[in-house]
Amino acid sequence: MDFYRTVGNQRAEQYFLPWRPVERQKVQVILEAGRLASRAVNTAFAKAIVAYRDSLTAAEREKLKTPFSAVLVDTASVYLFWYHDMDARRVAIEERKWPTVASGALVDIGALGPPHGWSHRYVQNVVLPEVLMPGLDAGPQRGGNADAGLAMAQGLLAALDEGLAACLAPFDEAGAKEVLRTPDTWEPVMGMFLGYPADSAEAGGQEPRPPFESMFFEQHASEPFARDEQVTKRLEGAGLIQRPAPVPWREKEVRAVSRMLGLPHEEAQP
Amino acid sequence: MTGIDVAGVRSAESVRRWLSSRQELWGARSNNESLLETLTRFCAFAGKTPDEMVDDCLKPGKAGETLMLRTRARRQYMELVEQFEAANASRDDGNVARSFLIHNGIAMNPGILT
């Protein structure tokens, strides 16, 4: 699928076909895309656990639910639990198992080198003690991690590109720790619930957003970034900007899908 | 600094480290005698030996082998390299001096040529 259309097709899908499984190969594609996401000092902050709804017991599924994710847990056939590994920086520095800044491999492969003022000695004797190691003594720190979020976002786009529907929602941290046996140093980022959509591809239209100019600025924060209408039109043609929600038939679609799945629905009064 | 020549520069620990690191990264053919000649001229320009320049920019940390980058000294050497480059009208000469400092652990970030 074209990249712009994939981005434009993103919906927080709420209605999955519970009987249709997601192919394991497609799950791998999602993980491969997440693995290649940009990340600071080339360190693996992102971790994810794949769980299959039908491989979990009803009691285990209950432990994963939050008010936001209860229906998703019941209807999505695959869950990806994304985590921020709070211990990743320490492991990168102390164990040096992977090609990270700390291991010196980024100088070796020419990613960072003399043209940027970097050398092995700079990494080992200056960057490590002055930049990467301070704060390690305090132990793992919660507070989220942009790189784990980036990996998840890249995986999300890959899921859409594979023809799947997805919804990101929080999951119960304590319950997931019990079911998934995660280390203490893994901080939840978000659950990615995956499946095939029960509603139409437009699924209610593109989700509304605040005006572009209220979110993005140029040169300084009081100067909105003015849209070029020609660019906007081109993106509409490419499928990145689509018909906004709701489409006229959305209400009927929600009722029909809810009936099909046995979810609560409110029929119009005669 | 007393009088300094190519032989004295060659024998400095920081110069041996520089050449070794360059060779490791770019191969043996990356090193040649003209590097030492240019660095010797830079030393004369700065009025410092190679080891003195590195010591000016890096001080030992509390943990033994770790080093602390002296921000102000680094900035002064970046300016000095620019002056050396301008005095010789040679970007290549400036980059030899930068290479020496970089491979000794002192990050150099010159502006690009536009």
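The model is predicted, so local features are reported only at pLDDT of at least 70 and side-chain atom pairs only at pLDDT 80 or more, whereas totals for chains, interfaces and linings use all residues. Residues are numbered from 1 along each chain as its sequence is written, chains are lettered from A and ligands numbered from 1 in the order in which they are written, and side-chain values use heavy atoms, with hydrogens and water left out.

Helices (H or I, at least four residues) and strands (E, at least two) are DSSP runs, numbered from the N terminus. In chain B, helix α3 (residues 33–46) and helix α6 (residues 91–103) have axes that come within 9 Å and cross at roughly 90 degrees. Axes are lines fitted to C-alpha atoms, for helices over the stretch in contact, and angles run from 0 to 180 degrees between N-to-C directions. Contact (heavy atoms within 4.5 Å) is made by B:L35, B:T38, B:L39, B:R41 and B:F42 of α3(B) with B:D93, B:V96, B:A97 and B:F100 of α6(B). By class, six of these residues are nonpolar, one is polar and two are charged. Here Ala, Val, Leu, Ile, Met, Phe, Trp, Tyr, Cys and Pro count as nonpolar, Asp, Glu, Lys and Arg as charged, and the others, Gly among them, as polar.

Helix α2(B) also packs against α6(B), at an angle of about 95 degrees and with the axes 8 Å apart. This angle makes α2(B) roughly perpendicular to α6(B). The residues in contact include B:W18, B:L25 and B:W26 of α2(B) and B:V96 and B:F100 of α6(B). This contact has six nonpolar, four polar and two charged residues.

At the interface, 19 residues of chain B are in contact with 13 residues of chain A. The two chains bury about 1300 Å² between them, 60% of it on carbon and sulfur atoms; buried area is the accessible area (1.4 Å probe) that two parts lose on being put together, summed over both. In chain B, B:L25, B:L67 and B:I102 lose the most area to chain A, together 35% of what that side buries.

A cis peptide bond, with omega about -5 degrees, joins A:A245 and A:P246, and A:P246 lies in the loop between α10 and α11 (250–261) of chain A. Just after α10(A), A:G239 takes a positive phi of about 95 degrees. A:N42, a residue other than glycine, has a positive phi near 50 degrees and is found in the loop between α2 (24–35) and β1 (46–52) of chain A. Most residues other than glycine have a negative phi, and most peptide bonds are trans.

How values were computed:
Angles under 35 degrees count as roughly parallel, over 145 as roughly antiparallel, 65 to 115 as roughly perpendicular and the rest as oblique.
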